[in-house]
Amino acid sequence: MKIIFNKCLDDIMDTELKEHLRDQVYEMIIDDQLQLPVLPHVVNKALSMANDEKKGALQLSTLIHKDQSLAGNVLKTANCALYCGRDKIVSLQQAIARLGVSLLKEIIITTAIKEIFQSSDYQKEIQDIWKHALATAAFSREVAILRRKNVESAYLSSLLHSIGKPVCINTLSKICSKKNWKKDRKIILELSQELYKKIGSTLAEKWQLPKQVTSTICYHTDYLASPDFKDEVRTCALSLFLAQEIFLPQEKRVSEKEILQHPVIETLNLYPDEIKEILKKEQEVQDLIASFT
Amino acid sequence: MKDPTHVAYLIIGSGPGGEAAANLAAQHGKSVIVVEKDRVLGGACVHQGTIPSKTLRESALNLSNFLRSNNILEYTHKENVTVESLMQRKNEVQRAYVEKISQSFEKNKVHVIRGRASFMDEKTLHVLHTDGSEQILSFEKLLIATGSRPRDPEHIPIDHENILDSDSILSMIYLPKSLTILGGGVIACEYACIFTQLGVEVSMVDTKERPLNFLDPQLSEAFRRHFESSGGIYIGKQSIERVHWDGISKVITVLQDGTTLASDKMLVAMGRVANTDILKTEQACIKLNQRGNIVVDENYRSSTKNIYAVGDVIGFPSLASTATEQGRRAVSHALGLEAGKPFENIPVGIYTIPEISTVGLTEEQAVERYGRACVGIAYLKDVARGKISGVESGLLKLVSDGDKKRLLGVHIFGEGASDLVHVGLMALLNQDHVEIFVKNIFNFPTMGEAYRLAAMDLLSALES
């Protein structure tokens, strides 16, 4: 009886804790008190670097040279199976020359964004979120190529679709610490699943990210409701579904037939043979994940 | 697989040709099914081509007018201006068009099936749906209006990221600083003008000496001059040796003469190919020409007598306006109705900045057919309305058969050309003489007065 009573009490307390945390987060959003990570300076620079002929490679090189952690990551990534040719890349200059501005920009953005996906208490969960984001971005790139749509737009939107999750988890954890509330792992993760899109869109606004990224953050789980950038949103929705599958063991994955039944496929005008082409890219997707984790 | 469905008239494609055909057949009491590959109706014209590109053109034109009216000589766009932001009304326009087609189909009880069609034989069509399910349709008559898509030349590595085609260029995240365009046809020139007006450094490369070389030489030369005065570069009589991404930040184009161009992005606009590859036309014994277009007779009937084809899938002129008329004519023939005289004078509208539009014979064609020709030209800057609007370039050229003064052709370079040409079209259809433009009244001040000025020029040339 005592155990049942204590369990009921625990349940009530958990529900209350969840409500309190939720209220706190919404208050912080309304009062603009959310402590959001600063858009990594390098990402801002890289995003604006795309079409400036004079700055281009030179400034990119300067950017990388100034940031030790970034330089290390760029070299490491440049030498991974996905990007590396026969010869090992041994210097930053070589990496820049070999990979090119466009690909380097992608590596910089991905590496810098990865830094946000860090948390001492929830490292495993956040790492998983990061891997899913990478896989989603990789599949999005393949879908965009197949559909003759812009690859950069699809990749970036999908990479950042779940940016709100690690921020949400860290925010909830900090609230609990500050208020001396119980840091319930399960509650924090459940609540982050509920609130991440709201926090993600707030973050996108603060960072002044391209509008297609904001739309993708807000609507990737409800793609029919997206008022604009429907291509990017739907591409992310499909890619997210495919990405989730590749992390499952073979026996737990859905069949190809079931994949074809996913309603988002029809909205993207993709036919079975085209889906099969995308599914064949799984190894490339796995290579990308490996290069950034 | 579902049981076969039988239908009197089957239309593959819901673009201009398919829409017109479906509605006409249904209005004459036939059971009609339209099979459409895409989720939305309207075809490439509405979703990848005409509507989005003309919406982008509108932004570029507004900018051009603003710069001209304020005597601004140089313009540099913000680094992160997105192409999407320049097409703000595109979704609205597309939605309206798709709604219009849906409503007409609903009103005429045209049934739509979403799926990818391929022939099983001359009377049976296989339809594959996105969920993998299949359907068989049998038909009495069928019309193919599957349109076309950008050609993907083998030696050009289109990646839709740095080297784009006319579909992927519209979804660029940002405006590039420089753009190389391969091709000198309509699509290449339209985009060249749009991006030049938006402040992009544009270089066009083509094998022909002048862009739009099918036009009257004076018009294509006028276009080239205007394009170059706006900051563009046209490199003619050059073929492409190699295109590649340089591994740093540029698309490198190496021409046959060794010249190297470097640009942020490239647009490949080297023609379009008919969407016949997935149809399995051989199963229905439908003949294709060397370019992959369906071969049709004067009634748009293919080599298989109960199968017709219209629009881009049959090749030139590949215009939405002609596709609509072709669809009407094809179904009229299938229904045993009188379609009217075959059209001889098809106006061509090219949405460069400014516009170009022509109808009838060029001077060269007139000489070839009639032995001689007489022309009259009016420059739009000399027309009162042109002066008021600050027009600096543009011309209207009339072509007649010499002494008989019968109008044979009208060629216009200038904003509003695609509307203005219809005055000349009506005169051509009535087989009028050029004096009609002198003996009748035009509103003042209007660009239409250019007809009177050009006619006076022509008559003056005849007298002397």
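**Aromatic pairs and a charge over a ring**

B:Tyr191 and B:Phe195 are both buried, that is, under 20% relative accessible area, with exposed being over 50% and partly exposed in between (1.4 Å probe, protein chains only). The model is predicted, with local features needing pLDDT of at least 70, side-chain atom pairs counting only at pLDDT 80 or more, and totals for chains, interfaces and linings using all residues. Residues are numbered from 1 along each chain as its sequence is written, chains are lettered from A and ligands numbered from 1 in the order in which they are written, and side-chain values use heavy atoms, without hydrogens and water.

Over all chains, the structure holds 4 aromatic pairs (rings of Phe, Tyr and Trp, the last by its six-membered ring, with centres within 6.5 Å; planes under 30 degrees apart are stacked, over 60 edge-to-face and the rest tilted). B:Tyr191 and B:Phe195 form a stacked pair, at 6.1 Å centre to centre and 25 degrees between the planes. Both residues belong to helix α5 (residues 186-197) of chain B and are 4 residues apart, about one turn of the helix; helices are DSSP runs (H or I, at least four residues) numbered from the N terminus.

B:Phe223 and B:Phe227 also form a stacked aromatic pair, with 6.0 Å between centres and 5 degrees between planes. This pair lies in helix α6 (residues 217-229) of chain B, again 4 residues apart. B:Phe223 is buried because its relative accessible area is 1%, and B:Phe227 counts as buried at 3%.

In chain A, the charged end of A:Lys165 sits over the ring of A:Tyr196, 4.7 Å from the ring centre (NZ of Lys or CZ of Arg within 6 Å of the centre and within 35 degrees of the ring normal).

How values were computed: Helices (H or I, at least four residues) and strands (E, at least two) are DSSP runs, numbered from the N terminus.
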